[in-house]
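Here are my notes on the model. Please read them with the structure open.

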Amino acid sequence: MKTKTKYRKYLKRTVLAMAVILAVGLFYVGDFQTAYGVPAEYNITAAANNNNYGTVTGAGVYATPYDVNLVATPKTGCRFVNWTEGTTVVSTNSAFSFVASVDRILVANFATIDTPVITSAVSGGYESAKITWGKVAGAYLYDVSLATSTTGVYQKIGSTDKNTYLASDLTTGKTYYFKITANCAAGTTLTYSKPSAYKAVTPMPATPVAKAASASYTTIKVSWAKIAGATSYKVYRATSSKGTYTALGTTSVQYYNNTKVTTGKPITTKSLPIVQ
């Protein structure tokens with residue numbers, strides 16, 4: 001009888017001890033990974049704001065403390081903008097890495113690349129043209145292309161990280177047609193805008209600024225600064241600023257003596273540079 005009583009007491013103590021152990025184990029189940037070295041798992045969700053604009057890789061279930069490596073890749077004609085979590089921007093790099101420690105929902109934001117707009121296209125001198133355009137959001141480089149006709153084949157002649165370009169080694173008096181393309185980069189992925197509408201430019205020498213002074217009672221001396229590229233100058237004269245100009249002659253120097261003028265009668269002169 002005593003043996004049975006002792007056994008029952010032992011059995012009760014054993015069951016109670018097991019219950020306490022189970023309770024303690026359940027109580028610490030949230031810290032089980034820390035207590036026993038088993039890594040926790042976290043859901044990392046990542047998607048594009050528009051699947052037509054780009055793709056995302058790297059989402060999934062990760063165990064801490066492993067690194068998460070998300071990569072956003074824009075599609076043709078689009079650019080990467082940033083990563084957001086809720087309304088917070090968490091990275092502006094297309095490759096976003098972090099250590100998994102909590103569940104996260106991330107969005108890779110993409111946008112279409114704006115087409116550049118040429119705002120100015122003017123002669124830069126007798127053999128050059130200066131092209132200026134508006135900056136494009138996200139662009140790190142611009143390609144400049146030209147053709148010799150509106151329907152011709154456009155050839156890339158250079159690139160710049162500015163929004164202006166001076167095209168050189170052109171032919172005086174010949175019309176060229178320019179287009180600009182914006183370049184964007186996301187990691188090693190390059191994407192491009194559509195080419196801009198063309199702008200036409202004809203390189204011309206600069207306009208001389210003539211000065212006239214009386215050299216004698218029958219002679220007017222006309223002078224001007226040297227014009228880059230000019231090999232000679234053609235001089236014209238009229239009897240009023242709005243009158244009809246007639247050619248007087250050509251000179252290779254920066255002055256011209258207009259002789260046989262009438263004393264006291266006003267005249268107007270101008271010079272035109274000639275490039276050969």
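1. Contact here means heavy atoms within 4.5 Å. Leaving out residues up to four places away in sequence, I180 touches P116, I118, I131, W133, Y142, D143, V144, K194, P195 and S196. This is a predicted model: local features need pLDDT of at least 70, side-chain atom pairs count only at pLDDT 80 or more, and totals for chains, interfaces and linings use all residues. Residues are numbered from 1 along each chain as its sequence is written, and side-chain values use heavy atoms, without hydrogens and water.

2. I180 lies in strand β14 (strands are DSSP E runs of at least two residues, numbered from the N terminus). At 0% relative accessibility, I180 counts as buried (under 20% relative accessible area, 1.4 Å probe, protein chains only). V144 is 36 residues from I180 in sequence, but their C-alpha atoms are 4.9 Å apart.

3. An open sheet of three strands runs β2-β4-β7, with antiparallel pairing (two strands pair if DSSP finds at least two bridges between them). β2 (54-57) and β7 (95-99) are at the edges with a single partner strand each, so one side of each has no neighbour in the sheet. β2 and β4 (residues 67-74) pair over four bridges. G54 has P74 in β4 as its bridge partner.

Key
Buried means under 20% relative accessible area, exposed over 50%, partly exposed in between (1.4 Å probe, protein chains only).
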